[in-house]
Amino acid sequence: MSLTHDARLAVRPAAVAQRPVRTWPEINNPAAWIVAAILVVMPLVANGFFLIEIFATTLILGIMALSLMFLAGYGGMVSLMQLTIAGFSAYMVAVFGVSGNANISLGWPWWLAVPMALALATAFGTLGGALAVRTEGIYTIMITLAIGAAFYYFTNQNWAIFNGHTGINTVATPHFWGVNWRADIPFYYVVLAVAALCYFAVEYLSRAPFGLALQGVRDNPRRMAALGFNVNAHRVAAYAFASFIAALAGVLQVWNYRQISPGSVSVGACIDVLIIAVVGGITRPIGPFIGALIFVLLRTFALDFLVRLGLDGNRFRLLIGLGFLAIVFWSSDGVIGLWQRWRQGQRSRDGRQGEGRGHG
Amino acid sequence: MSRFVERHPAWALIAIIAIAVALWLIFAVWPPGLEEAIGRKRVFLNAVFNGITLGGLYFLVASGFTLIFGLMRNVNLAHGSLYLFGGYVGYAISTATGSWLLSFIVAFVLTALVGVLLQLIVFRRMEGQDLRQTMVTIGLSIVFADLMLWACGGDFYQVQTPNWLIGPVELPLITAVKSSGEPVYLRYPMVRLVIFAASVVIGVAMWLALNRTRIGMIIRAGVDDRDILAATGVRIQLVFVGVFAFGAGLAGIAGVVGGTFQSLSPGEDIRFLLASLVVVIVGGMGSIPGAALGALIIGLAEQLGSVYIPTYAIVVTFLIMVLVLAIRPQGLLARR
């Protein structure tokens, strides 16, 4: 026991010495460069189906889950309304922009409709957040879930703006500089660029003074309040930032499917975003993307896979639910946590240091 | 009550006036001007009664939810699944045996068993980890929903109302006066009134059990401070299992009730989970009287809303929740 203890002591200063200045952690990580390179050259290899149905969808869902990861991982607030914010933004793009439902859509060009949608969705999310920060922990889950459900039922019932349960169809996508940006390859790069931007924004913010203060608020709100930080203002600001990210994902989503309907903002879909973030891991921004990849692969291929095993292909959600349960049971930090634990297990038999705090 | 009046005279006055207006609307014969303005009295009375009886159903679902939360700090997001499970069990029993009352008993026992298993196998292992428990219940609700979809399919089921409860009953409430001067009385389905009366009885019995018995004392002590309670030698795990079983069983009963006056189908689990969430947020988490008040408010708001402002009925419910959160975040009747 004392041996391992000493070894740990010896390892730690070395690890600190390696990184005297805090910089972007990705720069020294070869795996990150490899992943980035693969993602950039993907269109050379993959066909349209893989590019859009798998990778672009993964990235879009990943951005939504990233906004939840930012709130849950750094702010300790598990919000189930991130998908609702994304859906609101998607609806706003459809309402202000051009779509097949001419009686509803205002027909603005995309460069006006998109900022409008982003602003409105961010305002919506911030308001919801201001409501949710009045409560803590599990209450936040319930209130954000209730907000998400209310929005879902509202879109179902409202015909003037949201066109009821049929939703808004054939939403126009941007064409400029002679490029159809919804064609497979340009759209993939747009999604990749936005995802990278959001990823690095979250990464940067987590180490900026605001992010550090937010993590302080997560760990001990009373002490932070005593130090003179406005706890609630930090939380609402975190909601505002996360809402903006979710709103970006919403814009991409409506361009991807070219339609938006209440089915896309249903309660089940809200919970899917939570599943994605938790399965991937909510302590680091890469987690949601890993979770989204697993989710999309399962959703796309589970049917064939189950049928090949001689089971009923419709039991895809059962598979997702059981997988989610297993992850929650055995790892407090999703797939990332399992991976880290496995690597630590490789290094030392009982090295359970840095196990990571629980959820939020 | 008198303390509330002393502290908030203005609010008390508003409440008294609102109650008086509501009573007048229910009992008085409406003058023609009013009928022209907001429609027939029969429609209004039906909406009020539907709202109150729906509130009774919501109370049955939400009281189990709030009881489990109050004692174990466990937000059981699989509560809607227990509701739907109870409903399906009740349907199976009532079609197999033809007995409506037996279906209640079996549904209660089976869902309570599921609750015991959940508590013993799942929640006991992660005590004190609120968020993790909540996540697990989300996972469970997905698994349960899919299993039930597998077993029962996507059809609508309705539990058969027994013969002795079919048909309307005439209530001593005048809806209108005929030109001959003869009063017209309100006719209302018997089964809904019986179910509402049953939920009132269950609610009162729960309140009495909580406030007048030794077990109730233990549970209330557990809500306040479960560590100290465990230290005094109470076998708290047994209490947890019992409360979880009872709360789950109530959800099962509610499932049969819901299956009788509405219908059972996939998706109802989420609907009732959300209804109980809103009810307990409005009423106050962990408070049985709060659940009753919240259920009544939400039931009435939903039914009156769907009659008078059909497009925005759901928004009314939501606005009530927002208002309560803004004014009293801990809920109307919560102590803390």
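**View 1. Helix α6 of chain A has the length its residue count leads us to expect.** At 1.5 Å a residue, the 20 residues of α6(A) should span 28 Å, and the end C-alpha atoms of the helix are 29 Å apart, which agrees. The model shown here is a predicted one. Look along α6(A) and you will find it mostly covered, with 16 of its 20 residues buried.

**View 2. Chain A meets chain B through a contact that takes 33 residues from chain A and 29 residues from chain B.** On the side of chain A that touches chain B, the elements giving two or more residues are α6 (138-157), α11 (267-280) and α13 (316-330) of chain A. Which of them gives the most? That is α6(A), with 11 residues. By kind, this side of chain A divides into 22 nonpolar, eight polar and three charged residues.

**View 3. Step back to see chain A, with its 14 helices and two strands.** Of the 360 residues in chain A, 44% are buried. Among its contacts between residues at least 6 apart in sequence, 75% join residues at least 24 apart.

**View 4. In chain B, helix α8 (residues 190-212) packs with helix α11 (residues 236-261).** Their axes are 11 Å apart, at an angle of about 165°. An angle over 145 degrees counts as roughly antiparallel, and α8(B) and α11(B) are therefore roughly antiparallel to each other. Their crossing is left-handed.

**View 5. Here are the residues where α8(B) and α11(B) meet.** B:V191, B:R192 and B:I195 come from α8(B), while B:V257, B:T260 and B:F261 come from α11(B). This contact divides into four nonpolar residues, one polar and one charged.

Note on methods:
Residues numbered from 1 in each chain as written. Chains lettered and ligands numbered in written order. Predicted model: local features only at pLDDT ≥ 70, side-chain atom pairs only at ≥ 80, totals over all residues. Helix = DSSP H or I, 4+ residues; strand = E, 2+ residues; numbered from the N terminus. Buried ≥ 20, exposed ≤ 12 C-beta atoms within 10 Å, placed from the backbone. Contact = placed C-beta atoms within 7 Å. Nonpolar A, V, L, I, M, F, W, Y, C, P; charged D, E, K, R; others polar. Expected span 1.5 Å × (residues − 1). Axes fitted to C-alpha atoms, helices over the stretch in contact; angles between N-to-C directions. Parallel < 35°, antiparallel > 145°, perpendicular 65-115°, else oblique. Left-handed = near helix turned anticlockwise from the far one by under 90°.
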